[in-house]
Amino acid sequence: MHYPDSITALQQLLFSGPPPTSASAEEESGIDKKNIHCFITKKSQNISNMRNGVKYCSVEVSCDDGSQYGIQAFGNEAIDLYKEIYKCSMCGMPPKELEKSTLVEERIDGTSYSFDNNGCALIFKKLRSVMGEDKEEEHTA
Ligand SMILES: [Zn+2]
């Protein structure tokens with residue numbers, strides 16, 4: 001499976017799951033790849049400069065079926081990948097600065113979310129707690 005670029009590869013993995021291997025292998029395993037969820041398990045803290053001056057950024061994606069994918073980007077694509085992995089979880093805005101220290105990060109239920117500002121982080125947590133309450137009500141009813 002070939003993706004045009006690292007950002008597309010990441011989006012495909014997170015939204016559609018791992019790419020189908022061969023049709024026969026999928027039949028044998030009996031696993032429907034569509035039901036496999038993938039999530040980011042590791043990501044570059046900052047865009048790094050390699051010794052030859054080329055920018056570099058990487059992200060590791062793990063899927064429910066145990067498969068892992070390392071996605072790497074270089075040069076301008078590294079900047080795009082960085083913006084994609086650190087875009088605001090609330091409004092979807094990419095970070096304004098390419099510095100992790102300027103991001104707002106919140107750890108909620110074991111998952112870390114990044115936001116472009118504190119306001120978005122607050123709204124996100126408020127929405128999540130409201131949804132959580134709804135779930136509990138359903139449970140007791
Ligand atoms: Zn935001």
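**Helices and a core in a predicted model**

Modeller: Among contacts in the protein between residues at least 6 apart in sequence, 41% join residues at least 24 apart. This is a predicted model, where local features need pLDDT of at least 70, side-chain atom pairs count only at pLDDT 80 or more, and totals for chains, interfaces and linings use all residues. Residues are numbered from 1 along each chain as its sequence is written.

Biologist: What makes two residues a contact?

Modeller: Their C-beta atoms, placed from the backbone, lie within 7 Å. By that rule Y82 touches S44, I47, C57 and L98, leaving out residues up to four places away in sequence.

Biologist: Why is α1 called roughly parallel to α3?

Modeller: Their axes (lines fitted to C-alpha atoms, for helices over the stretch in contact) cross at roughly 25°, on a scale from 0 to 180 degrees between N-to-C directions. Angles under 35 degrees count as roughly parallel, over 145 as roughly antiparallel, 65 to 115 as roughly perpendicular and the rest as oblique, so α1 is roughly parallel to α3.

Biologist: Which residues make that contact?

Modeller: S6, I7 and L10 of α1, with E77, D80, L81 and E84 of α3.

Biologist: What makes a set of residues a nonpolar core?

Modeller: They're buried Ala, Val, Leu, Ile, Met, Phe, Trp, Tyr and Cys residues joined through C-beta atoms within 7 Å; buried means 20 or more other C-beta atoms within 10 Å of a residue's own (exposed is 12 or fewer, partly exposed in between). The largest such core here has 14 residues, and L10, V59, V61, L81 and Y82 touch the most other members. Its largest share, four residues, comes from α3.

Notes: Helix = DSSP H or I, 4+ residues; strand = E, 2+ residues; numbered from the N terminus.
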